[in-house]
Amino acid sequence: MAAPKYIKGKEPHKRERRLIFRNVDREGWDPSIATYIADGGYKQLEKAIKMEPGAITEEVKASGLRGRGGAGFPTGVKWGFIPPNNTKPVYLICNCDESEPGTFKDRYIVHQDPHQLIEGMVISCYAVGAKVAYIYIREEFPEGAKILEEAIEEARAKKFLGEDVLGSGFGCEIYVHRGAGAYICGEETGLIESLEGKRPYPRIKPPYFPAALGLYMCPTIVNNVESLCHVKHIIEMGGEEYSKIGTPRNTGTRILCVSGDVNRPGYYEVEVGKVTMGELIDDFCGGVKKGRELKAVIPGGSSAKVLRADEEYTVKAGDGEKTIGIRDIPMDFDTMAACGSMAGSGGVIVMDDSRDMAWVLNNINAFYAHESCGQCTPCREGSLWMKKITDRMLAGGGVPSDVKTLGSVADNIAGRTICAFGEACAWPTQSFVAKFPEEFKKHTSRKNAGKPLSGEAKLAAEGLAGS
Amino acid sequence: MSEEATVNVQVDGTWIQVPKGTRMIEACKQAAAEVPHYCYHPKLTSPGNCRMCLVEMGMPPRPAPGEEPELDKDGHAKIGWMPRPVIACANTVAEGMGIRTDSPLTRECREGVMEFLLINHPLDCPICDQAGECTLQEYSVEHGKGESRFLENKVKKPKSVEIGPRIRLDDERCVLCSRCVRFTREVVDDDVLGFVDRGSHNVLTVHPDRPLANNYSLNTVDICPVGALTSEDFRFQMRVWFMRETESICTGCARGCNTLIGSREGKIYRQTPRENNDVNSAWMCDEGRLGFHYLNSDARLTEPLVKDGAGHRPIDWPEAIRRAAEGLAKYRGGGLAVVASGRMTNEELYLARTLAETLGAAAVDIVKREGEGDGYLVHADKNPNTAGARAVLKLRSPGSKLKAIKKGIEDGSIKALLVLGENLLKAGFEEGTLKNLKFLVSSHLLANPTAKLSHVVLPGAGFAEKRGSMVNATGRLQRLNKAVEPPGDAREDWETLQDLNRAVDGLDGVGEIADVFAEMAERVSAFKGMSLSKIGGGGVHLIDTDERVPLLEREAERVREGLIVG
């Protein structure tokens with residue numbers, strides 16, 4: 001197949017490896033099935049449908065594919081969690097609730113290459129034995145929902161979907177389900193509740209692990225859009241071959257979404273671990289703005305812990321360890337975890353030295369306070385509390401105890417909630433306060449008196465003036 | 001899951017054995033380590049949302065192949081403690097599990113949750129009805145920090161919202177535990193409550209077109225761990241710590257729901273359900289719960305009355321008994337009948353029976369009181385002691401003799417009538433019929449037309465004003481206890497009946513209600529071997545019936561499915 005040509009000005013970076021985004025920004029490309037088939041589309045479904053379902057799962061396991069939604073859990077292993085003696089229907093859900101601030105990859109797949117997702121989904125359905133699949137798409141993607149609906153109709157007309165997929169006897173339907181604008185619906189059990197028509201309160205795990213007790217209490221596999229697309233490519237090249245892309249344990253390609261203070265923000269599909277943070281920022285993204293210094297990076301969506309530019313990180317090197325700087329961190333799951341953060345959803349948020357870290361944290365806090373579902377106590381009460389503290393600090397009403405209080409409120413949330421939202425809302429505060437204490441202290445001295453104080457902040461400041 | 005299978009669990013350093021499948025929180029309870037909680041309720045599903053029951057948990061690490069697990073000094077595999085706390089309410093125990101309910105991590109978790117729950121709480125205990133029985137207060141003392149770090153404005157939420165005819169909601173006090181939501185959904189199939197909005201602005205609310213009006217709505221007030229849901233009937237009436245609690249049973253129907261009567265200085269303020277898994281689980285209907293107000297009614301009879309010309313005048317008890325006994329004794333041997341009540345206790349019924357036997361009454365019966373059951377707890381039989389009456393009065397078909405009694409009065413064969421606690425004008429008798437009687441004596445709680453026609457009127461005691469026993473629809477013998485004194489000179493009916501017995505047979509009868517029961521147990525086979533003191537708080541099964549309690553059956557099913565603890 002000839003190398004695709006891309007729209008002028010939107011060409012991939014030379015070091016990108018476009019697998020999932022192969023057709024994104026392609027010249028002459030449209031989301032129709034004709035275009036997709038003309039480019040060799042649905043060939044992998046034809047191949048997969050002739051395989052044993054278990055063999056597909058084995059290929060996915062062999063590929064080492066890790067979930068691209070945020071947690072980085074091995075996809076094949078997840079599929080293997082369906083109870084072996086299961087007699088209930090199995091559901092597959094595509095999590096297209098892409099809501100993590102800083103993340104904007106799935107929308108391009110949906111908008112520009114919906115058939116890649118559908119092909120990946122039908123293959124995955126066949127592998128896990130799901131006859132019904134849902135695409136849970138966030139409310140804010142109305143156009144995407146429409147495109148998917150049309151693509152599903154096209155695929156059904158061509159027998160890639162429906163009662164008898166490609167004459168194999170395997171039947172599979174995909175339904176698009178639109179959310180109503182809640183971040184928590186990206187949490188898989190919250191998503192399932194929402195899909196069932198309920199308030200998206202995440203379920204406790206145990207016992208409600210989706211692979212055993214998911215949608216309608218049946219085994220359910222929830223995968224991210226990007227992850228499901230990778231399945232198609234795993235079938236194309238074989239699990240073992242796929243696993244050679246990227247680095248060991250961190251295989252394949254992934255799409256990094258870079259936003260913030262860089263010259264060329266955008267999406268870049270790279271081999272996992274083959275590109276460092278420095279290369280990404282300076283080479284791919286053209287560096288931070290002129291005259292500015294890199295100050296901090298949130299490497300995996302807004303909930304990932306912030307990395308400070310002048311920090312030193314100890315990572316594994318062969319049998320030993322080595323100390324590296326932020327620019328040397330390879331963009332993979334394991335190193336990012338070793339550096340105390342996470343690769344998450346691939347949303348890389350870059351901040352230069354013009355940014356006030358208290359302002360940044362307040363921005364993040366506002367998001368999580370607004371999005372907490374409110375089901376369980378620590379996150380419900382703590383997320384808004386943290387936001388109120390940073391609000392007050394920015395308004396000039398900070399008091400010395402605020403820094404400690406912020407950290408301890410976050411500590412009282414993380415690890416104590418029903419779902420991972422607890423960590424998502426606590427990690428920013430924990431890391432910002434720990435890594436930039438001087439910036440927060442700045443907001444707690446009353447030297448900031450020039451700024452207008454709200455009545456509330458004034459009272460608080462007065463009340464603790466002596467302490 | 002085999003019931004016999006047990007696992008070894010270490011709670012705060014002590015090893016105990018509990019059945020497999022036991023929830024961690026229940027295992028801790030068995031080890032006398034109470035784990036604080038808000039959302040968990042054994043009768044409801046466990047959403048695990050309050051996070052108050054977080055505890056430190058550990059399991060023995062899986063030994064490497066070929067290696068033996070490391071043992072502690074008690075011979076149990078050494079526990080590897082997990083860094084993350086887990087909820088004790090929804091997780092079940094496993095072999096070798098360790099639980100720490102008092103470790104630094106556990107204490108830190110509780111302190112954190114308490115702080116979170118209080119930052120936006122209005123702290124209005126001085127005007128809150130829940131004060132004194134509020135878990136937020138209690139846990140605050142036990143697990144709270146004691147001071148607040150919260151410098152911000154609190155979240156404002158709706159106050160004093162009428163969510164149903166009997167319930168008022170204060171959203172600012174609500175800890176969003178969802179017990180009420182789950183109760184209405186899971187137990188009474190009336191899914192009208194829910195949460196709206198998000199995060200810290202979450203509020204409990206009721207469906208806009210469907211108020212919380214079901215007949216079990218007040219149970220939500222009981223299970224609300226805080227003062228968010230209050231009873232329109234009880235709110236602002238009495239501080240809970242001033243009230244005396246008396247274990248009793250509801251006499252609104254044949255279910256006999258177990259209750260606690262809250263009273264102070266001779267006045268009843270509320271009735272709440274008392275758990276009994278053989279009768280009413282932990283619930284009762286609103287109708288029964290609120291069915292005590294008539295005891296405080298102005299229409300209560302407070303002294304014996306005797307007919308004097310067109311009206312009645314008060315007389316003292318000895319005179320009233322003398323007149324009643326003489327009037328009845330005149331028609332000894334078939335000239336009189338007794339209409340008793342299915343609302344009477346077994347002891348009262350027994351004394352009515354002996355009286356009828358001594359006087360040779362032509363007939364003894366009770367008035368039937370049929371209504372509708374609801375498939376939950378409410379029974380179609382509105383008499384609380386029909387089963388007792390059947391046994392004590394040897395009635396095959398309660399109420400079937402009333403027609404003959406009525407006919408007897410009309411044809412003049414029955415000249416005297418003793419009526420106990422029933423208004424006959426509501427039981428198929430006409431005023432003209434009763435006027436035919438030469439002598440009518442009746443006992444009542446409230447003034448009514450039958451009393452008005454009576455030659456002697458004896459004031460009685462309500463269900464909460466006396467001791468005694470009843471048998472419910474499933475044949476369970478249960479006890480009434482005295483919460484308050486009857487008003488004025490009114491007295492317990494068994495005493496009145498005992499006095500009447502003495503007056504007509506001239507013998508010295510027994511003097512204590514326990515003795516009445518003992519005598520009854522000798523003479524009525526169903527009560528054989530029983531005594532009043534043997535009945536105990538939860539009652540005893542006495543008579544086999546094929547009655548089932550729909551609500552209990554559903555609950556048992558949910559226990560089997562592992563959804564609830566029960």
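Tutor: What follows is a set of questions about terms, each answered from the model, which is a predicted one.

Student: Is B:Leu123 exposed or partly exposed, and how do you know?

Tutor: Partly exposed lies between the limits of 12 or fewer for exposed and 20 or more for buried. B:Leu123 has 14 other C-beta atoms within 10 Å, and therefore it is partly exposed. B:Leu123 sits in the loop between H2 and helix H3 (135-143) of chain B. Phi of B:Leu123 is near 55°, a positive value in a residue other than glycine.

Student: What is the label for B:Ser160?

Tutor: B:Ser160 is exposed, because the count of other C-beta atoms within 10 Å is 10. B:Ser160 also has a positive phi, about 45°, although it is not a glycine. Its loop runs between H3 and E7 of chain B. For chain B as a whole, 49% of the 566 residues count as buried.

Student: Which residues of helix H3 (residues 53-63) of chain A are buried?

Tutor: They are A:Ile56, A:Thr57, A:Glu59, A:Val60 and A:Ser63.

Student: Why are they said to be on the same side of H3(A)?

Tutor: Because they cover an arc of only 155° around the axis, they fall on the same side of H3(A). An α-helix has 3.6 residues a turn, so residues three or four places apart point the same way. The cover over the buried residues of H3(A) includes helix H6 (114-128) and helix H10 (225-237) of chain A. Just after H3(A), A:Gly64 takes a positive phi of about 75°.

Student: What makes strand E3 (residues 54-59) and strand E5 (residues 86-87) of chain B a pair?

Tutor: Two strands pair if DSSP finds at least two bridges between them. E3(B) and E5(B) are joined by two bridges, so they pair, and they run antiparallel. B:Val55 stands opposite B:Val86 in E5(B).

Student: How many bridges join E3(B) to strand E6 (residues 97-100) of chain B?

Tutor: Three bridges join them, and these strands run antiparallel. In E6(B), B:Gly98 is the bridge partner of B:Gly58. E3(B) is also joined to strand E4 (residues 80-81) of chain B by two bridges, again in antiparallel fashion. There, B:Met59 has B:Gly80 as its bridge partner.

Student: Why are E7 and E11 of chain B called edge strands?

Tutor: Three strands form an open sheet in the order E7-E8-E11 (chain B), with antiparallel pairing. Strand E7 (161-164) and strand E11 (229-231) each pair on one side only, and they are the edge strands. The twist averages 35° from one strand to the next. E7(B) and strand E8 (residues 167-169) pair over three bridges, and in E8(B) the bridge partner of B:Gly164 is B:Ile167.

Student: Which way does helix H14 (residues 357-371) of chain A cross helix H15 (residues 377-397) of chain A, left-handed or right-handed?

Tutor: The crossing of H14(A) and H15(A) is left-handed. They pack at an angle of about 145°, with their axes 8 Å apart. The residues of this contact divide into 10 nonpolar, four polar and two charged. Among those in H14(A) are A:Trp359 and A:Tyr368, and H15(A) brings residues including A:Met386 and A:Leu394.

Student: How many residues of chain B are in contact with chain A?

Tutor: The contact is between 27 residues of chain B and 28 residues of chain A. Helix H2 (residues 104-119) of chain B supplies the largest share of chain B's side, six residues. That side divides into 13 nonpolar, nine polar and five charged residues.

Student: Where are cis peptide bonds found around A:Pro206?

Tutor: One joins A:Lys205 and A:Pro206, with omega about 0°. Another joins A:Pro206 and A:Pro207, with omega about 5°. A:Pro206 lies in the loop between helix H8 (188-195) and helix H9 (210-213) of chain A.

Note on methods
Residues are numbered from 1 along each chain as its sequence is written. Chains are lettered from A and ligands numbered from 1 in the order in which they are written. This is a predicted model: local features need pLDDT of at least 70, side-chain atom pairs count only at pLDDT 80 or more; totals for chains, interfaces and linings use all residues. Two residues are in contact if their C-beta atoms, placed from the backbone, lie within 7 Å. Helices (H or I, at least four residues) and strands (E, at least two) are DSSP runs, numbered from the N terminus. Ala, Val, Leu, Ile, Met, Phe, Trp, Tyr, Cys and Pro count as nonpolar, Asp, Glu, Lys and Arg as charged, and the others, Gly among them, as polar. The arc is that of the directions from the helix axis to the C-beta atoms. Axes are lines fitted to C-alpha atoms, for helices over the stretch in contact, and angles run from 0 to 180 degrees between N-to-C directions. A crossing is left-handed if the near helix is turned anticlockwise from the far one by less than a right angle, and right-handed if clockwise.
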